[in-house]
Amino acid sequence: METLAALGDGFWIALTIQNLGLALTGCFLGTIIGALPGLGPSNGVAILIPLAFSLGLPATPALILLTSVYYGAMYGGRISSILLNIPGDEPALMTTLDGYPMARRGQAGEALAISGLASFVGAFFATWGLVFLAPQLVKLALLFGPAEYFALFTLAFATLGGLTSRNQAKSAFAAALGLGIAMIGVDGQTGVPRFTFGEVHFYDGIDFLVAIVGLFAISEVFLFLEHRGEGDKGGDGSKVKLGRIVPPLAMIRQTTGSMTRGTLIGFVAGVLPGAGASLGSFVAYSMEKRIADRKGTFGTGDPRGVAAPEAGNNAAAGGALVPMLALGVPGSGTTAVLLAMLLALNITPGPLLFQQNPDVVWGLIAALFIGNLMLLAMNLPLVGLFVRVLQIPPRFLMPAVAMISFVGIYGISGSTFDLKVMIAFGVMGWVLRKLDVPLVPVILGVLLGDQMEKNLRRAMTISDGDIWALFASPLSITLWSLAIIGFVLPPLVGRYFRPKIADTAKAEGADPD
Amino acid sequence: MDILVLTRRALVAGAFVAALPLATAFAFEPGNTECIAPANPGGGWDFTCRQVGKTLQDLKIIPGTMQVTNLAGGGGGVAFAEVVNKRNAENNLIVAASSATSTRLAQGAYPGNDMSQVRWLASVGADYGVIAVAKDSPINTLPELMEMIRKDPASVAIAGGSAVGGWDHLKVLIAAKAAGVEDVRTVKYVAFDGGGEAVTQLLAGSVQAFTGDASEAKGFVDSGDIKVIAVLAPERLAGDFAAFPTAREQGLDVIGANWRGFYVPGGMSDEAYDFWVKAIGTVYDSAEWKSIMAANGIAPLDLRGDDFQAFVKQSVDEIQALSKEIGLIK
């Protein structure tokens, strides 16, 4: 009850005209930032920090503006995933798998609406989780040492098989490629640069946003250049089916379970520092495929394959605020930026924040509820506008995609070197598409491989190289068991489904390649 | 308050500042000033740029706002190379730096660059190192911890926020050397992504000790979750940390200051350099900066111009010697 009273006070703080205006501005800017490839939530928040400073905002309004941008970007990332097969930011990666096929089938409207709804559900319940469970959840984060993190990432990779391609070998190759790319940079455990060729730009490794934009957006532009003039794709733009703007009730009912599971998984992943939204949406998708994909429709435009990762990544955004507020440890890149902002406003996040600055915490949480409602109200009607992107002839759309990619990537680091790396990834993406190698596992390798390796090395340093330290706690044993089940079960069970999967594969006109 | 009113006020204030003819006595007039933070938003360098930029603006030392550019990469090496190679003659540019910069310069981690290629401007404070253990740890003093390491290096894992060879690691090694640990290479150091993650792992019980900066530990010290066994400062810190003994008090002469400051392009004119030394000095002396320092656990370290240049030179030499000794560099 005390909590609810505090939350009530929070609403009192958040419900001023200025704060509502800031939340609305933040939500709108965030959605756009999220939708633009190359600009993710962390850049969005970073870009707006000077605005908060120059408006002279006190702590609570400044935080309301920036977290609205954060939540907005998590919503917006899905838009380009679904419409263009280009993830707007890294957590929206998994949404391409079913979202884009849905759009190709003329269900773009439904895909956007259902994913908007899933985003709302994920963020809404995650915010409640933040209200009631923050102190307890901190203890959960403390159960995870390096060995447990390593087991968690292994679980993620173990469930990768067959997720994104009909050809397991190609999936594995793509993941290995991603892992290899993740090795570039200075090795934190020895201080030795690896695969950097004496080039200082490689010392911090490859920024995965550069990899995503290169692999997805730039390779799309190359494909367009290759096929230009053939079959005049631009001409039928007006005939593209956009789908309904309101999802049918049956679809909502069908995806309810997916949203619930996605929310749970995403929230937990968000709470763990170092796991974050990408892992949340990824595990949400792969678990959902294991649980719900009885007919092999995942990957061909199944609404549940859109709902689960979107609920997952938005729930993770809420979850990531738990360690940030309660421990002062950022669970993701974006919360790292928010943390810096808090410090700049002379507020020290940490175990005492809830006691020392209750107005900031509860005002922020109330603003999250309000922002989330605003985002739902803003996103559903806008679906009709967003889908019109599909009607833009590629000869106009593709140059715009290229331009946004270049500006976005240059904006992150201010370095032309990253642009060259991006183009290199574009060429690589084009080649991989020609070879029918899925791109999603490459990014997952880059995203998760780095953390996976670091935690293995940490665990080994602590245990003096004793490999059994990896299986020493009940939690890590549980995670390993899940990983083994996830790895072994599908081929065994899959035998019964194989004919059906082969069928859908042939019928898969929606293959993005 | 209405947002419109706020915006208008900001605009009016901005116009006012812009219209002020800068009646400073310096021959150099700052124009569109810029501060490069050689890392992504959210880190210490970004903080230094933004806070100093904001204070410079509030004190009306510079016209308008200072633009903060995040030029990440290579642990600051990308920005260093950019300044040396492309922006060597700029007068309106300052770059945030810290002990991490001098550590990497000392270890040759910025290929082809060294500290003489830029001019070192001034420090704005220091974050002194702390060594801490969990609140229920049997260890209570730094000599006790070092004794455990000396007897059995494998029994103590120490977590820190920097990579191996980085400043958090070196601080422990300096302490171990002072405590008579013969082969400091046996000290078990586990690198995490930032001090926050390292402290969390101390609370989780994965490691036995934590090495980091006072500011990183502050939240956990206030809540009583960790026990600081030594502060690596010349004398006790002010405020919350006053209760904790220095390493010196415990008979180990170890000082680990993570200074924060700036360098400027090597080709900057003397007039501009003098302007910036005075400007940063004015910030340092201001009440605004004092309160920022207090709130963020930054301790005083006031070195300007030539003094700062000599200080950086000395710390680069020291780190070089230590890194050679432990085999990090040849």
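Chain A has 19 helices and two strands in its secondary structure. Here helices (H or I, at least four residues) and strands (E, at least two) are DSSP runs, numbered from the N terminus. Before going further, note that this is a predicted model, where local features need pLDDT of at least 70 and side-chain atom pairs count only at pLDDT 80 or more, while totals for chains, interfaces and linings use all residues. Residues are numbered from 1 along each chain as its sequence is written, and chains are lettered from A and ligands numbered from 1 in the order in which they are written.

**Inside chain A**

Of chain A's 513 residues, 59% count as buried. A residue is buried if 20 or more other C-beta atoms lie within 10 Å of its own, exposed if 12 or fewer, and partly exposed in between, with C-beta atoms placed from the backbone. Now for contacts: two residues are in contact if their C-beta atoms, placed from the backbone, lie within 7 Å. Take the contacts in chain A between residues at least 6 apart in sequence, and 81% of them join residues at least 24 apart.

Let's look at one helix pair. Two packed helices are described by the angle between their axes and the distance between the axes. Helix 9 (residues 208-227) and helix 18 of chain A pack at about 175°, and their axes are 10 Å apart. Axes are lines fitted to C-alpha atoms, for helices over the stretch in contact, and angles run from 0 to 180 degrees between N-to-C directions. That angle makes helix 9 of chain A roughly antiparallel to helix 18 of chain A (under 35 degrees is roughly parallel, over 145 roughly antiparallel, 65 to 115 roughly perpendicular and the rest oblique). On the helix 9 side, the contact uses A:Phe208, A:Ala211, A:Ile212 and A:Leu215, and helix 18 of chain A brings A:Val442, A:Ile443, A:Val446 and A:Leu447.

**Where parts meet**

Chains A and B touch too: 51 residues of chain A are in contact with 52 residues of chain B. On the chain A side, helix 13 gives the largest share, six residues.

Chain B itself is assigned domain 1 (3-15 + 31-126 + 258-325) and domain 2 (127-256); such bounds come from an automatic or database domain assignment. The centres of these two domains of chain B, taken over C-alpha atoms, are 27 Å apart. Between them, 15 residues of domain 1 of chain B are in contact with 16 residues of domain 2 of chain B.

The table sorts residues by class: Ala, Val, Leu, Ile, Met, Phe, Trp, Tyr, Cys and Pro count as nonpolar, Asp, Glu, Lys and Arg as charged, and the others, Gly among them, as polar.

| Group | Residues by class |
|---|---|
| Side of chain A that touches chain B | 28 nonpolar, 20 polar, three charged residues |
| Side of domain 1 of chain B that touches domain 2 of chain B | seven nonpolar, seven polar, one charged residues |
| Contact of helix 9 of chain A with helix 18 of chain A | eight nonpolar, no polar, no charged residues |

**The largest core**

A nonpolar core is a set of buried Ala, Val, Leu, Ile, Met, Phe, Trp, Tyr and Cys residues joined through C-beta atoms within 7 Å. The largest one holds 282 residues, and A:Leu66, A:Ile443, B:Val95, B:Leu121 and B:Ala175 touch the most other members. Helix 6 of chain A gives this core its largest share, 18 residues. Both domains of chain B supply residues as well, so the core lies between them.
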